[in-house]
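Please keep the sequence and the model in view while reading.

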Amino acid sequence: MALTFIAEISANDTDTENLVFTGIPQTYTSLRIMGIGNTSYALSQGFNGVFALQFNEDTAALKNAYMRQATNNSSVLSNNPGTFNASYGECGSMSGTTPDSGYYPATYIIDIYNYLGDSTYGNVQYFSRSVSATSHSSFYGHTAYFAGTYKNQSSAPGDTPITSLQLKSGFGNWLRYSKFSLYGRD
Amino acid sequence: MSFRQDRTNPSTAVSNWHGRSETPKGWPSTRVSTWMNGGLFGAGGSGSSIEIIETSTATTAAVTFTSIPQTYRHLWFVWIIPGDSHNWGNFYSYALNNPVLAGGASTIFNQIDDARALTTNGPQPANYGLKMAVGDDSVSATSVQVHDFTWMYYSDSPGSGTTSRWSSALGSGFAGNPTTQMSQYLTGWNEDGGSGASLPITQLTVNFGDGVALPSGTVRTLYGIN
């Protein structure tokens, strides 16, 4: 597998709600996002933080579906059967600023398939791993697998190319140390 | 054309990527050295961002990677162990910025056959390794196990306040054989910087949990990802 760097985004000097990769090359088989992040929000536990992935900055309802398997800091969580007709694809979580003012980042690897707009393969699919471990015992750590799909369709399922990916902090803003790199895979 | 030689300006627009007439735009926010180092101008035309830093075929329980180059975005560690009947359940990492800091934590979501479980560790005492994996004993000689860990942005500088962070990693692995037991896991791993800086990572030791020698054929490789 060849992994080729495409671009990097970060919140830089200001906590930021949305980080966006734009102008994504249409020359790879699939994409991978690798990065770290945390939210400026004071959460009551890790899974209250939502990493929302939005394709082509499309925030319309009824476009996404996703599900997860996960643990919090104290137990294996019951299976989440999935969320349908959502306005974003959930692909991760974070611990927030309650444990030590946000020093604990979550770490993410997200793979995105069928992004070229080739209807032969149907809608976009993604698979994500999201983890964070804190020294605090009150549910701030987590490990999770997420999988989901986005309805990139105009006239046929999967016929709209993905040219941008918006990484949204669902509660609060990405802390300024948050950083993500985008790679193409062949 | 004029641009900073140590690092180019961040940009989210990548439509001109790899355009040699606009090299800095094509490689936004990268160290210039990476363009030469297997990236834009790498031999062979693969353009892969993954490079081997060091490979070890030692069978000692622990192996230490020292003087880790500070020129990559991420570190990726892959550990392949062939079949053996010893305890293969746990291994640890430690000695980041030797000595390792107190207070780190790890959390492991694992599945052995049809049972799912959680193992949490933290806060840890000083110089104590953070657990990276969990499994079970006595897998047959036909088994195999593969582990991989990624330390994101390991070469970042330490800081203070909410503009800084502590080192962290994501790990996953699989072990099993074709006829009996299987195991998989997903690990969250964060070093606590409460007693000092945890970044950048310059040294890394990975240690097999019970200290026994590993079977011949073990391969441990540390990669850098540009």
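D100(A) counts as partly exposed because it has 18 C-beta neighbours inside 10 Å, whereas a buried residue needs 20 or more. This residue of the predicted model sits in the loop between β7 (89-92) and β8 of chain A. Its phi is near 55°, a positive value in a residue other than glycine.

N56(A) likewise has a positive phi, of about 55°, although it is not a glycine. The loop that holds N56(A) lies between β4 (51-55) and β5 (64-71) of chain A. With 19 C-beta neighbours inside 10 Å, N56(A) is therefore classed as partly exposed.

Chain A as a whole contains 12 strands and zero helices. Its C-alpha trace spans about 50 × 35 × 30 Å along the principal axes. Among contacts in chain A with a separation of 6 or more, 80% join residues 24 or more positions apart.

Chain A also meets chain B: 48 residues of chain A are in contact with 50 residues of chain B. Several strands of chain A give two or more residues to this side, including β3 (30-37), β9 (124-132) and β10 (142-150). The largest share, eight residues, is supplied by β1(A). By type, the residues on the side of chain A that touches chain B comprise 23 nonpolar, 20 polar and five charged. For the complex, the predictor gives an ipTM of 0.95 and a pTM of 0.87.

| Cis peptide bond | Omega |
|---|---|
| G122(B) to P123(B) | near -10° |
| L199(B) to P200(B) | near -5° |

P123(B) belongs to the loop between β6 (115-121) and β7 (130-133) of chain B. P200(B) is located in the loop between β10 (182-190) and β11 (204-208) of that chain.

How confident is the predictor in chain B, on average? The mean pLDDT of chain B is 74, and 68% of the residues score at least 70. Over residues 1-45 of chain B, pLDDT stays under 50; for this stretch the model has 68 contacts beyond four places in sequence. Where pLDDT is low, predicted coordinates should not be read in detail.

Conventions
Residues are numbered from 1 along each chain as its sequence is written. Chains are lettered from A and ligands numbered from 1 in the order in which they are written. This is a predicted model: local features need pLDDT of at least 70, side-chain atom pairs count only at pLDDT 80 or more; totals for chains, interfaces and linings use all residues. pLDDT is the predictor's confidence in each residue, from 0 to 100. Two residues are in contact if their C-beta atoms, placed from the backbone, lie within 7 Å. Helices (H or I, at least four residues) and strands (E, at least two) are DSSP runs, numbered from the N terminus. Ala, Val, Leu, Ile, Met, Phe, Trp, Tyr, Cys and Pro count as nonpolar, Asp, Glu, Lys and Arg as charged, and the others, Gly among them, as polar. A residue is buried if 20 or more other C-beta atoms lie within 10 Å of its own, exposed if 12 or fewer, and partly exposed in between; C-beta atoms are placed from the backbone.
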